[in-house]
Amino acid sequence: MSADIATTDPVSSTTLVLVLNAGSSSLKYQLLEPESEKVFADGVAQRIGEESSSITHEQNGQSITRDRKLADHQEALEEMLSLFADNGTDLTTVGLTAVGHRVVHGGQMFYKPTVVDGDVINDIDKLSDLAPLHNPVALDGVRAMRKLLPDTPSVCVFDTAFFHNLPKEVSTYAIDREIAEEYSIRRYGFHGTSHQYVSGKVAEFLRRDVGDLNQIIMHLGNGASISAIRGGSPVETSMGLTPMEGLVMGTRSGDVDPGVLTHLARAAKMSSDDIDKMLNKQSGLKGLCGENDFRELSNKAAAGDEDAKLAYDVYIHRLRKYIGAYMLTLGRVDVITFTAGVGENASDVRADAMGHLAQFGIKIDPDRNAVRSKEPRKITTDDSGITVLVVPTNEELSIARQSVAAVEA
Ligand code: ADP
């Protein structure tokens, strides 16, 4: 949890949104006022469904952690409501404008923030095959909030939405067309809320019209993706049918030869679930050196751990490969931006990803790159042909704004 939490009472606010982000065994939430960007409370429930689950809630300048078994997302939400109540905020009467839900996969059907009714729930449910770890738990959250707060509209905001109109040659896999159509196999792209929000912030920071800018954005968090955006519209992104394609991530492999999967199925007799688990949870940085947290990896590498050093090198190599490809895809690049936990904080990643690119017009200023800040900032020299920025993402704020717009439409 990194938001600055206001110490004033949320009751005095006019437009309040509760944003929920349900992961397979976690639930993050934030209560905020989108117009003023004020965050009143922030929380996370972890290890839902396990014996050792816990929930941490920050409000009124206090952080409370309760260690107790949360059997499912419904129980986590009930606990969240009770934590709000203990802090003097009754979510049933505080006057919420909307509950905004992050939904990972919108498939071909959902590409706009959508106010939820029974049909929407059924239609999102049908997409669960495409995102079995994420969509069902998001729907659990939607169902639970409709029960707990029946008078507050729920709005789904889809992680795939921004990439809905990727050019056909980008969204199409070169596989049997009939099979692809039957099983809705195409490149969808994810982290769309973040890429869209950050691309807008970049334009604001540079005082330019987003329509005039060609951008590359790197969202480097636990999950990681890169996008190429021409005039505000994405023309490439590294994630595909699922959030596994592309860059090396905390626990996900990113790109692998599809032959690896069939080889494992035959030679190691691994089932599709085994392979899914390995690629999703036991690969990426964790698979390479046992650490998925970038800070831990950096500490290990600095202490001379060879596996951690290799993991770092593989991570940077993949990133540079994509940056190069996206520079060519765009033809002209105005600005390249780093965001999310690693992108916003790891100056060594930024320096190494952008190093030795002077012949392509990129000159990093080491002093600017070393600055630690929560504000957007430039890290290139003033005579660099391409501007490189660090711009903090804020998916919750974006989801809250989109939720209010959908309710008011
Ligand atoms: P999520 O995808 O869960 O939203 P975040 O965007 O919060 O992830 O990014 C989490 C990652 O950012 C972790 O790997 C964490 O180690 C890394 N990170 C956070 N702070 C730093 C830092 N100061 N230096 C390097 N990495 C950092």
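User: Which helix gives the largest share of the shell around the ligand?
Analyst: The largest share, 4 residues, comes from α12. Helices here are DSSP runs (H or I, at least four residues) and strands likewise (E, at least two), numbered from the N terminus. This is a predicted model, in which local features need pLDDT of at least 70 and side-chain atom pairs count only at pLDDT 80 or more, while totals for chains, interfaces and linings use all residues. Residues are numbered from 1 along each chain as its sequence is written, and side-chain values use heavy atoms, with hydrogens and water left out.

User: How many residues surround the ligand, and which are the closest?
Analyst: The ligand is surrounded by 14 residues, and the closest are Asn 222, Asp 293, Phe 294, Gly 341 and Asn 345.

User: Which atoms lie 2.9 Å from a ligand oxygen?
Analyst: A polar side-chain atom of Asn 222 lies 2.9 Å from an oxygen atom of the ligand, and a backbone N or O atom of Gly 341 lies 2.9 Å from a ligand oxygen atom. For Phe 294, a backbone N or O atom lies 3.0 Å from an oxygen atom of the ligand.

User: How much of the ligand does the protein bury?
Analyst: The protein buries 73% of the 580 Å² that the ligand exposes when taken alone. Accessible areas come from the Shrake-Rupley method with a 1.4 Å probe; for residues, only the protein chains shown count as cover.

User: Now α10: which of its residues are buried?
Analyst: Phe 294, Leu 297 and Ala 301 are buried in α10, which spans residues 294–302. Buried means under 20% relative accessible area, exposed over 50%, and partly exposed in between (1.4 Å probe, protein chains only). Seen down the axis of α10, these buried residues fall within an arc of 55°, so they line one face of the helix. The arc is that of the directions from the helix axis to the C-beta atoms.

User: What is on the face turned away?
Analyst: That face of α10 carries the exposed residues Arg 295, Asn 299 and Ala 302.

User: Changing topic, is Arg 102 buried or exposed?
Analyst: Arg 102 counts as buried because its relative accessibility is 17%. Arg 102 is found in strand β6, residues 96–103.

Technical notes. A residue is near a molecule or strand if one of its heavy atoms lies within 4 Å of it. A polar contact is a pair of N or O atoms within 3.5 Å; within protein, one must be able to donate a hydrogen and the other to accept it, and residues adjacent in sequence count only if both atoms are side-chain atoms.
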